[in-house]
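Please keep the structure open while going through them.

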Amino acid sequence: MITLALRLLTPADAPAVLRVYSGASVAFLERRAMTAREAEEYVAPVRHRTEAVSVAQYVFGVEVAGDLVGVVKLGTRPGGQGRVGYVLREDCWGRGYATRAVQQLVVFAFAAAGLDALGAKVHPDNVASGRVLEKAGFTQLGMRGHMITYHLAASTD
């Protein structure tokens, strides 16, 4: 089995992040493809945000066999709520990487970040992304605006 790990981004990851946030990978995101400058600016403050005492957003690179293939994000909100987001390079779709990365992020959210519930949203045409969330334990709640919303509560076992 190929090793997949979440890790902090570094400034050296800017070229890989640029490849992640391009082409079909951004088709259903609420943003356009990144420029090289935007990728450099994106990775520059990530480590500082993640090391802060009160973190509003965790951003991790998804690394497979030494290759940065995606990014997962966990936004924190008051009341123990969090929001999950993820993007994977198009050439890495269909291999289970997004599902494994989101599953690892869920464990982090509940165990390390101490959140009680997570939400996510998916464009209705992005069926594969909805399957990723469902495989990671999320339940579809329905449409909100033009997006499908999902929810996952921490286990109370």
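1. In these notes, helices and strands are DSSP runs numbered from the N terminus, a strand being a run of at least two residues, and a residue lines a pocket when it has an atom within 4 Å of one of the pocket's grid points. The model is a predicted one.

2. The protein chain contains five helices and seven strands, and read from the N terminus these elements follow the order β-α-α-α-β-β-β-α-β-α-β-β. The chain is as compact as a globular protein of its length, because its radius of gyration of 15 Å is close to the 15 Å that the globule rule gives for 157 residues.

3. Of the 157 residues in the protein chain, 41% are buried.

4. The largest pocket holds about 1,100 Å³ of space, and its lining is made of 46 residues, with Leu-29, Tyr-86, Val-87, Asn-126 and Ser-129 lying nearest its centre. Two or more lining residues come from each of β2 (57-64), β3 (67-77), β4 (81-88), α4 (97-112), β5 (117-122) and α5 (127-135). Sorted by class, the lining has 26 nonpolar, 11 polar and nine charged residues.

5. The second largest pocket holds about 230 Å³ and is lined by 15 residues, of which Arg-77, Arg-83, Gly-119, Arg-144 and Thr-149 are the closest to its centre. At least two lining residues come from each of β4, β5, β6 (139-144) and β7 (147-153), and β5 gives the most, with five residues. This lining has six nonpolar, five polar and four charged residues.

Definitions and conventions
Residues are numbered from 1 along each chain as its sequence is written. This is a predicted model: local features need pLDDT of at least 70, side-chain atom pairs count only at pLDDT 80 or more; totals for chains, interfaces and linings use all residues. Side-chain values use heavy atoms; hydrogens and water are left out. On a 1 Å grid over the protein atoms alone, a cavity is a set of points where a 1.4 Å probe fits but cannot get out, and a pocket is an open set with protein on both sides within 12 Å along at least five of seven lines; lining residues have an atom within 4 Å of a point. Grid points are joined across faces, edges and corners, and a volume is the space filled by probe spheres set on the points. Helices (H or I, at least four residues) and strands (E, at least two) are DSSP runs, numbered from the N terminus. Ala, Val, Leu, Ile, Met, Phe, Trp, Tyr, Cys and Pro count as nonpolar, Asp, Glu, Lys and Arg as charged, and the others, Gly among them, as polar. The radius of gyration is taken over C-alpha atoms; the globule rule is 2.2 Å times the number of residues to the power 0.38. Buried means under 20% relative accessible area, exposed over 50%, partly exposed in between (1.4 Å probe, protein chains only).
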